[in-house]
Amino acid sequence: MKPSIPETLSPRLAPLDLDHRLLLVREFIPGRIVFTTSFGVEDQLIAHSIFTQGLDIDVATIDTGRLFPETYELWERTEARYARRIRAVYPQAAPLEALIEEQGINGFYKSVDARKACCHVRKVEPLSRLLAGVSGWVTGLRADQSQARAEAPLIAFDETHRVLKLNPLADYTRDAVVAAVEEFSVPINDLHAKGFLSIGCAPCTRAVLPGEDERAGRWWWEEDNKKECGLHVGDDGVLRRGAPQEASL
Ligand code: SF4
């Protein structure tokens, strides 16, 4: 049987650095590739690589409407630094209005289901539109960000969105990412210096305490095994690691 793209690319990607991983992916995968950034330190490093190499990879973000002021400021600073526009996708007005009508403006604190409903309207549905018709999806996932992400591969087929999902920093440590960001003077979120390691929506993110994992500040009021927003999980709520055998674009 002909090997799938993940089976072919995984061993070729493994020894490469970030720049060469993105280059190889762009050369190998036909069609549109989208990188979704939430302006975390990993995302900033990937954006730097895409912009400085001039790669034909769309850089886009989901503006949930509840981001930190520091994140909007970084967004603007990033566009100015690289002279590139970052495409924004927004929640649809009608479902958002219905959500707020039903659960209130901060209803996501009431229950896990309420929080997931908010994440669905503000993040998951916009992501589906963003990935429609796309061949490759680049993300800033790292395996050591949390237990739930421990087995994140460099490349796999995402069944939910029917797209090749590329995590070019999957095997990087946070220290390695931070070192690269400092080396290239990549702009980063001011909140990182205040203990916010993983930054999402403002009402759902707090600073991390010493000894906690990087994503402990996300939805801190919930149990650990439920703390994904739905962007990287399947219908069963489990993080998608992909199915290499199904991808053969
Ligand atoms: S992180 Fe919080 S505010 Fe943002 S979409 Fe999810 S529940 Fe809503």
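This is a predicted model: local features need pLDDT of at least 70, side-chain atom pairs count only at pLDDT 80 or more; totals for chains, interfaces and linings use all residues.
## Overall make-up

The secondary structure of the chain consists of seven helices and six strands. Read from the N terminus, these elements follow the order α-α-β-α-β-α-β-α-α-β-β-β-α.

The chain has 249 residues, of which 39% are buried. Among the contacts with a separation of 6 or more, 73% are between residues 24 or more positions apart.

## Helix α1

Helix α1 spans residues 5-13, and its residues I5, P6, L9 and L13 are buried. These residues lie on the same side of α1, because they cover an arc of only 80° around the axis.

Several elements take part in covering the buried residues of α1, including helix α2 (18-28) and the strands β5 (155-158) and β6 (163-166).

The strands β5 and β6, which contribute to the cover of α1, run antiparallel and are joined by four bridges. In one of these pairings, A156 has K165 in β6 as its bridge partner.

Together the two strands form a hairpin, with four residues between them. In the turn, R162 has a positive phi of about 55°.

## Surroundings of the ligand

There are 13 residues around the ligand, and those that come nearest are C118, C119, R122, C201 and C204.

Terms used. Residues are numbered from 1 along each chain as its sequence is written. A residue is buried if 20 or more other C-beta atoms lie within 10 Å of its own, exposed if 12 or fewer, and partly exposed in between; C-beta atoms are placed from the backbone. The arc is that of the directions from the helix axis to the C-beta atoms. Two residues are in contact if their C-beta atoms, placed from the backbone, lie within 7 Å. A residue is near a molecule or strand if its C-beta atom, placed from the backbone, lies within 6 Å of it. Two strands pair if DSSP finds at least two bridges between them.
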